[in-house]
Each structure stands twice: as C-alpha cells, then as structure tokens.
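Me: I'm new to this one. Can you walk me through it?

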Amino acid sequence: MSSRRLSLPLVIGITLAAHTVAADAQRPGRTRAADRTPERTAIVVAGQRRTFVVRSPAAALAPGTKRPLVIMLHGGGGNAPNAEQMSGFTALVEREGIIVVYPEGTGRRPTRLLTWNARHCCGPAMEQQVDDVRFISAMLDTLIARYPVDPRRVYVTGMSNGAMMTHRVGIALSHRIAAIAPVVGTIFGDESRPANAVPAIIFNGMKDTSVPFAGGASGGAGRRSWDGTPAAPARAQGVFWARANGCDATPVTETRGTVVHTRYRCPAGREVELYAITDGGHAWPGGRAGSRRGNQPSTAVNATEVMWAFFKAHARN
C-alpha cells in the first residue's frame with residue numbers, strides 16, 4: 001500500500017463570504033434560488049468548523065408542509081460552488097420545490113481543494129480521519145431545525161470522492177436516508193452492510209480513468225490521494241446495494257445508444273439501478289466539467305434529472 005498521499009488536483013471554484021442562513025429563508029417575495037447570493041453556513045462538529053451552502057425555494061409553504069432535501073457532495077478538490085455548477089441541481093429548487101444543500105469537505109485551505117474521508121480516499125480528510133459522517137448527520141439536524149425539511153425524504157448524491165462518501169453516508173445513516181445516487185464513484189469491497197435498505201441509482205463512465213470502470217488503481221491526476229486500496233469494478237456498487245436491499249441477484253440490462261441501463265428486481269421501495277455511459281469519462285453526465293482540465297460530460301443522459309425522478313419515487317417508511 002503506497003504511503004505517498006497528495007491533495008487532489010485543483011478544481012476551480014468561487015470563494016464566497018461566510019454568513020449564516022436567515023431563519024426566515026422561506027419568506028414570500030424572495031428571488032428564485034439561482035439568482036440569490038449563496039449563503040455559506042458554519043457549524044462546529046467535533047471541535048472543527050464545518051461549512052455548507054443552502055439553496056431553498058422563495059415561495060412560502062402552507063403550515064405543516066415539508067420539503068424534500070437533496071445533499072450534494074462535491075468531488076475531491078472541489079467545494080460547494082463547484083458542486084452546484086457541475087450538477088445544476090439548483091435549477092430544480094424552484095421548479096420542484098426542494099431544498100438542496102452543498103456541504104464542504106476539509107483541507108489545508110478553508111474553502112478550496114476540499115476532500116471527504118471515504119476511508120480509502122481522499123487526501124487530507126482521509127489522512128486525518130475526519131469524521132465526515134458525523135458532520136453530515138449534524139448538518140442534517142441543523143437543516144431540519146431551521147428549514148421545513150421532510151425527514152422522510154432526505155437524499156444524498158455526490159461526484160467522485162463525493163460519490164464514495166455518498167456510499168459511506170448511505171451505509172452509516174441508512175436510518176435517515178431515503179435514497180442515494182453516486183456519480184462516477186466506487187466502493188472498495190470492505191464496506192459494512194447497512195442496517196436498513198437504501199434505494200440506489202448509480203452513474204459511471206466506461207472511459208473513466210480517474211475511477212476506472214473495471215476497478216483497480218486510479219489512473220487520474222488524483223491517484224496519489226488514495227491510500228493504495230484498489231477500487232472494485234463499477235458494477236460492484238449495484239451488487240452491494242442489491243444484496244443489502246434484498247434484490248434478486250440477476251439484473252436486467254438494456255442498452256440504448258451509449259447508455260447501458262441495469263435494473264435489479266427488488267422489493268417495492270428498495271430499487272437499485274445503474275447507468276453506464278460507454279463514451280463517458282470522469283464527469284457528471286448532462287452537467288458541466290469540474291475544471292478546465294476535466295473531462296467533458298456526456299450528453300447521453302442527464303444524471304440530475306434522472307436521479308431526481310428516482311428520488312421522488314422513494315421515501316423512508
């Protein structure tokens with residue numbers, strides 16, 4: 001196992017002033033989410049300052065009404081603005097009446113080159129054994145206290161290192177998460193089985209060299225940010241969640257153009273699906289490249305729209 005660990009490559013983001021989300025964020029008359037200045041909120045978890053950006057609809061809700069929450073985790077070397085730009089999830093805030101939160105990992109700088117501790121990746125967060133699961137859980141508590149979040153409809157997605165963290169959150173917080181959607185991520189084969197079933201929709205590019213579709217060591221610029229543990233093949237993610245959810249071991253696969261869609265036969269409410277893009281690289285399908293040097297996203301499928309449709313169909317009992 002390699003002992004050399006460096007930070008992931010630069011992913012260009014926007015540095016924002018830190019200020020707390022107002023308690024009246026839902027008041028009528030506010031501009032739509034995409035037009036408002038993002039608000040970076042800070043909480044202290046295990047003695048460490050942790051930050052996240054919230055996007056919420058301007059329209060007021062009827063008393064007692066709750067909104068779905070999507071947690072979007074940036075990739076290694078990214079931050080909240082980068083995750084927002086890549087995924088385009090903020091465009092769904094007003095249209096779908098949802099709240100989207102963009103949490104931030106940790107690093108040597110407060111708002112740039114941030115990573116998540118996904119156990120075998122990545123960078124400083126992994127090296128310092130940062131408890132990112134505890135952060136996500138504490139952030140969720142904060143959001144439920146400040147916003148009209150429906151605790152039965154909390155969803156997690158993420159890109160690359162954020163996708164690895166999505167798996168980890170789905171496993172550790174399976175009692176709180178309604179569904180997950182890892183994008184160009186992986187598992188490593190030593191994950192614990194979650195205590196509860198968690199529906200999963202998974203996206204990977206078959207030409208990805210950073211998180212190889214066939215598994216193995218990373219071949220991308222961030223390869224030294226891993227601890228040397230090889231990734232499992234992309235399809236292992238589906239196998240893992242299918243087993244956890246009590247699905248049939250043999251999936252049904254359909255190919256349309258450059259999209260290979262795999263669906264497991266699962267009990268109702270425990271669905272597992274995979275989208276493999278044959279010409280896709282290390283990028284958010286249907287989104288934007290994470291940096292000038294990043295792979296261009298495939299346009300064969302819009303991951304944000306597809307996963308939101310999947311999320312909408314699932315709520316925790």
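Me: OK. At what angle do α5 and α6 cross?
Reply: Roughly 5°, with their axes coming within 13 Å. Helix α6 covers residues 235–244. The two helices are therefore roughly parallel to each other.

Me: Which residues meet there?
Reply: From α5, His167, Gly170 and Ile171. From α6, Gln237, Phe240 and Trp241. That contact divides into 3 nonpolar, 3 polar and no charged residues.

Me: And α4 with α5, what's the angle there?
Reply: Their axes cross at roughly 70° and come within 10 Å. Helix α4 spans residues 132–146, and α5 spans residues 161–172. Angles of 65 to 115 degrees count as roughly perpendicular, so α4 and α5 are roughly perpendicular to each other.

Me: Is that crossing left-handed or right-handed?
Reply: The crossing of α4 and α5 is right-handed. On the α4 side, Asp132, Val133 and Ile136 make the contact. On the α5 side, Met165, Arg168, Val169 and Ala172 do. By type, that gives 5 nonpolar, no polar and 2 charged residues.

Me: Switching topic. How many salt bridges are there?
Reply: A search of the whole structure finds 11. One of them joins Glu96 to Lys312, with the closest N and O atoms 3.5 Å apart.

Me: Where do Glu96 and Lys312 lie?
Reply: Glu96 is in helix α2 (residues 91–96), and Lys312 is in helix α7 (residues 303–312). The pair therefore ties together parts that are 216 residues apart in sequence.

Me: Now the backbone. Which peptide bond is cis?
Reply: The one from Cys121 to Cys122, with omega near 20°. Cys122 sits in the loop between β4 (99–103) and α3 (123–127).

Me: And what about the phi of Ala46?
Reply: Ala46 has a positive phi of about 55°, although it is not a glycine. This residue is in the loop between β1 and β2 (48–55).

Me: Last thing, confidence. What's the average pLDDT?
Reply: The protein averages 89, and 87% of the residues score at least 70. Among the elements, strand β6 (residues 179–183) has the highest mean, 99. Strand β1 (residues 39–45) has the lowest, 92.

Me: Where is the pLDDT below 50?
Reply: Over residues 1–30. Beyond near neighbours in sequence, this stretch has 91 contacts in the model. Where pLDDT is low, the predicted coordinates should not be read in detail.

Key
Residues numbered from 1 in each chain as written. Predicted model: local features only at pLDDT ≥ 70, side-chain atom pairs only at ≥ 80, totals over all residues. Heavy atoms only, no water. Axes fitted to C-alpha atoms, helices over the stretch in contact; angles between N-to-C directions. Helix = DSSP H or I, 4+ residues; strand = E, 2+ residues; numbered from the N terminus. Parallel < 35°, antiparallel > 145°, perpendicular 65-115°, else oblique. Left-handed = near helix turned anticlockwise from the far one by under 90°. Contact = heavy atoms within 4.5 Å. Nonpolar A, V, L, I, M, F, W, Y, C, P; charged D, E, K, R; others polar. pLDDT = per-residue confidence, 0-100. Salt bridge = Lys/Arg side-chain N within 4 Å of Asp/Glu carboxyl O.
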